[in-house]
Amino acid sequence: MGKTKHSGPVKLDTSLKPSLWASMMPMGLGKIKPHHIIDTMKVVYDNRDNLGYAYRILTQGVCDGCALGVSGLYDQTLTGPHLCTTRLNVLRLNTMPAMEDKWLEDVSALKKMSSVQLRKLGRIPYPLSRKPGENKFTRISWNDALDRIANKIKGISPKQLAFFLTARGITNEVYYTAAKMARFLGTNNIDNASRICHSPSKTALKRSLGIGASSCNYKDWIGTDVLVFFGSVPANNQPVSTKYMYAAKKAGTKIILINPYKEPAMEKYWIPSVPESALFGTKLADDFYQVNIGGDIAFMNGVMKHWFEMEEANPGSAINHEFVREHANGFDELRAHVMALPWEKIEQSSGLSRERLKEFALLLANARSGVFVWSMGLTQHRFGTDNISSVANLAILRGFLGRKNCGVMPIRGHSGVQGSGEMGADPFSLPGGDFDEKNWTRIEKLWKFPIPKWQGDIVGISLENALLPEGHERKTRLFYTSGGNFLETMPDPDFMEKCLENVEMRVHQDIIFNTSTLVDAKEEVIVLPAMTRYEQPGGGTSTSTERMVYFSAEIEGPRIAEARAEWQIYVDLAARVNPEKKHLMHFSSAEEIRAEIAKANPNYDGIQHLKKRGDVFQWGGAWLCEDGVCPTPDGRANLLPIEIPELDKPVGHFYVTTRRGKQFNSMIYSNKDPFNNADRYDILINPQDARELRIAEGESIVVYNSYGTFQGRAKFADTKRGNIQVYWPEGNVLIPKGVYEAFAGIPEYNTAVKIEKADSFTANKDLKYKEKPIEDLEVSVG
């Protein structure tokens, strides 16, 4: 770990720089762009019944939106207040009252609603139960609810029990308590939302660098020579980061995007908190390299091949030999592998020419510093871990590690997810370490009870295991989820519904209803009302992308009378399942949990001192792998030869991937994408591809494969030819189920499809198709 401490926020350069202006038209009038003022007014209106509480949450609490880490209105990157639309959009989840009792009387009516409509009904008011054949939820007491769950757990094998925790504002204290409770109950089937997004980041960084988190800070963006985003659109998913990019541009940083789609949000952005940018916008990205979906490994191998060729002609022109010699293994093996790759294969897979790849290779070779950032465009592939190790290869070869303005950063989309695995709410980890003998011994000594030694299942497998035959030792019979909407986050929604229906008892611990809550169970669905992080007694902590651990205090305001802190629910449940040993799983306060976290995860030594608003510390120091020393067994980084994957695109097919619009995870806040004006059923397609298929813009088209069929409209966009994008989760019907990344178990979210006009769609009539109501479509297919 690093010895240098984070030096705190820096002042933003607000001097005018017209060369960065996106438009000479004030406020970008007439252009498609975020409408921050309108959106803010809407948020004020939506929270009009609780404006005082909403204001206190924004000014006193730690953001429960993205993982940039804003405490109150301030962060550790730039001085001055920061507020983004993502945080404003989720604000209503914390301020809305309980739903009216009348909505609980007619489940068939609720099932006709979308998750957007369900969310607007209000908070879950009290514990609820629904059994097969019942068309209503019945109010039950907390004692009754927890006794039913405990009795079910006592009647099944621990291998038939599975837990899941989502990312909606959940604190480290909750993740830790859940991780401990699962092992107390004898199961390792516990998973969390971060694994569906960034598990390949952790596995790849572990094997390449020995770390499981970002090696650097957001401050390192500002003034680095090159800031590269691989498959990441922070302007959309982490809007506050646009202010950091603005600061970086002012400091002379070049910003590069590697992505199949030339993202409008990264091309031009209007930053509301910077007067110059609010008026004239800011040009963010200096260049776009439009790779094929899944072509990133070929892209990076091509860059390295250019470097090795440059080295043959002029030693030292591309590779930091001193850094590699002193701090890396595997150089000769990597070089031999890359040099053996034919340029034709690299060009075909990446979708970019040899000459275009050389431009990027030269840019990095001439840079003294660089920060590489990525998100789900790299991770959500069946070869996601290899994608990230390829990024690590680039950073190691250039020595972009362990120093100012350098590093590798898996940018997180939610405020709680960095801490989830570090707290052990993961089948592959325990607090402070991997799931292995060394950590079993360490944690058992602290917890004073045995940890099950069998490998737990990832959440996708746990859900699929509900379909195993009766009597199977790993058939999931009780599934307990804290948040999460699997109908709208996992591939093949119809299959997911079947899995959920086949669980005997499902427990939904949440603050609101979603479509998954309404799915039947074989015996019973129990719904438990949870507190938000701002209601949690004793406050709570969350860990940002840059490893900052922030304390968020309990905030005075209205409460849902029967909602309980999630860690308290877990403690109570454990006591009912095993009352003789309940003292081993007891916490009386959040402060007590933090004290134990500091012992369980040595990196978190310091969390026990976080007690008041504004308290924060960073584990690991400013830079992991500082001075090139990695926390690997030999202290060295590992260069790894990565094979170019076969992308399985038959002739006449397109690659398809999913994208987000105005949404937070699966919670959609607008039917229009504020950056390209597309709606949720628009299909982004290159105009030249469309012309070859004789498809006009706005025309009804069908995208299909052997997994499913999706009907929408053609939306012309600057996507890489041969690649299309559909919105998530609507387009999940096209994604194959049961395809998981080999090392990290993340679901595959990309596939090959065919495209036809809707009125000529006659093939594949036997495909399962669930028609979606789409306004203005002239033709329906089925």
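These notebook entries record what I looked up in this structure, entry by entry.

**Ground rules.** I am working with a predicted model, where local features need pLDDT of at least 70 and side-chain atom pairs count only at pLDDT 80 or more, while totals for chains, interfaces and linings use all residues. Residues are numbered from 1 along each chain as its sequence is written, and side-chain values use heavy atoms, with hydrogens and water left out.

**Domains.** I looked up the division of the protein and noted domain 1 (101–197 + 415–613), domain 2 (199–411 + 632–638) and domain 3 (654–763), with bounds that come from an automatic or database domain assignment. The centres of domain 2 and domain 3, taken over C-alpha atoms, are 26 Å apart. Their contact (heavy atoms within 4.5 Å) takes 29 residues from domain 2 and 27 residues from domain 3.

**Buried area.** Between domain 2 and domain 3 I noted a buried area of about 2300 Å², 53% of it from carbon and sulfur atoms; the term stands for the accessible area (1.4 Å probe) that two parts lose on being put together, summed over both. Of the area that domain 2 buries against domain 3, Tyr261, Ile293 and Gln380 supply 32%, more than any other three residues.

**Salt bridge.** I found a count of 1 salt bridge between domain 2 and domain 3, the term meaning a side-chain nitrogen of Lys or Arg within 4 Å of a carboxyl oxygen of Asp or Glu. I also looked up Arg659, which forms a salt bridge with Glu263, their closest N and O atoms being 2.9 Å apart.

**Aromatic pairs.** Rings of Phe, Tyr and Trp (its six-membered ring) pair if their centres lie within 6.5 Å, and planes under 30 degrees apart count as stacked, over 60 as edge-to-face and the rest as tilted; by this rule I have 22 aromatic pairs. Trp21 and Phe280 are one of the stacked cases, at 4.1 Å centre to centre and 15° between the planes. Trp21 lies in the segment before helix H1 (36–46) and Phe280 in helix H12 (residues 275–280), so this pair ties together parts that are 259 residues apart in sequence. Helices (H or I, at least four residues) and strands (E, at least two) are DSSP runs, numbered from the N terminus.

**Backbone.** Most residues other than glycine have a negative phi, and most peptide bonds are trans. I noted a cis peptide bond joining Trp728 and Pro729, with omega about 15°, and Pro729 sits in the loop between strand E28 (723–727) and strand E29 (750–757). Cys625 has a positive phi, near 60°, and its place is in the loop between strand E20 (616–618) and strand E21 (637–638).
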